Amino acid sequence: MNNNLAKEIKENGIVKIKNFLLPKELIRLSNIVNFYKAPKGDKESVFLTNFKILSIKLLKFKFRSLAHTYELAKFKKKKKLDQIARDFFNKQVNSNYIDGYYSKVDNKDILPWHTDQAYSGSKKPDTKFYNPDNFYLKFFIYLTNVSSNNGCMSYIPKTHKIAYEIRKGIYNKEISYQPYWSLKDFRNIVKDNQNFLNKKTSSEIIENFLKDTEFEDSINTTNKYDYNATAGTMIIFDEGGIHRGSKPTLNDRMVIRYLIKPS
Ligand SMILES: [Fe+2]
């Protein structure tokens, strides 16, 4: 089962598992996120990042939060998420990031199509380039229903393979850096290095990607790549693949995330 999941993520960049949570697990995890109602990025939404955060919680007598952290870490173990990640990366993993956040109904813009691990599209990244193998496999567990234009995630399958070769090519100085966070810039770097990427992935993958994302207007409005999900569904994805997020326009959204990378 785990091996098949890892294989599918390696192939497509993403997998969706319906009814991942049992009804009682859904209630329990929802209670935890609902207790804080913390928005994304808020410190109350973060259960675990490193051991420092645990010490701070302890010093501040945040025993309830510590208990929740413990419960969420235990849940991860029970569901063997680390094993899926180990099978995916083929190496030992570090899984010390857990958060759970609450997004209220909102009509603001969608986070547009982008790839993670791309220096946020800066023209001149002032940091040295990261090792291309150092990226997250992200586990999103939905605690509420999500759908098109209502908090769902969209993901263009197989684009994680292209992104990986771009990061690796830049890291190994085989291709030169240019911004590639947004889909538009990503398409440009692909076109500028098409022969190199054809050899590293396949000309079929590159051609399909360029064709499928040709008309920016239609790609922006399409729901072809949407991953609708009912509460209790989990999606696992390679963060390098081109994806976008939509705001919850119909109902509040609750999600628990486990981010796992090679150690
Ligand atoms: Fe992202």
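Good morning. Contact, in what follows, means heavy atoms within 4.5 Å. Please keep in mind that the model I am presenting is predicted.

I begin with Lys76, a residue of helix α4, which spans residues 63-78. Which residues does Lys76 touch, if we do not count those up to four places away in sequence? They are Leu81, Asp82, Ser95 and Tyr258. Is Lys76 buried or exposed? Its relative accessibility is 9%, and because buried means under 20%, Lys76 counts as buried.

My second residue is Leu143. Leu143 is placed in the loop that lies between β5, residues 137-142, and β6. With a relative accessibility of 5%, Leu143 also counts as buried. Leaving aside residues up to four places away in sequence, Leu143 touches Leu21, Leu26, Leu29, Ser30 and Val33, together with Ala231, Met254, Val255 and Ile256. As for Tyr119, it stands 24 residues from Leu143 in sequence, and the C-alpha to C-alpha separation of the two in space is 30 Å.

Let me close with the pairing of β6 and β7. Strand β6 covers residues 153-155, and two bridges join this strand to β7 in an antiparallel arrangement. Ser154 has Asp226 of β7 as its bridge partner. Thank you for your attention.

Definitions and conventions: Residues numbered from 1 in each chain as written. Predicted model: local features only at pLDDT ≥ 70, side-chain atom pairs only at ≥ 80, totals over all residues. Heavy atoms only, no water. Pairing = 2+ DSSP bridges. Helix = DSSP H or I, 4+ residues; strand = E, 2+ residues; numbered from the N terminus. Buried < 20%, exposed > 50% of the residue type's maximum accessible area, 1.4 Å probe, protein only.
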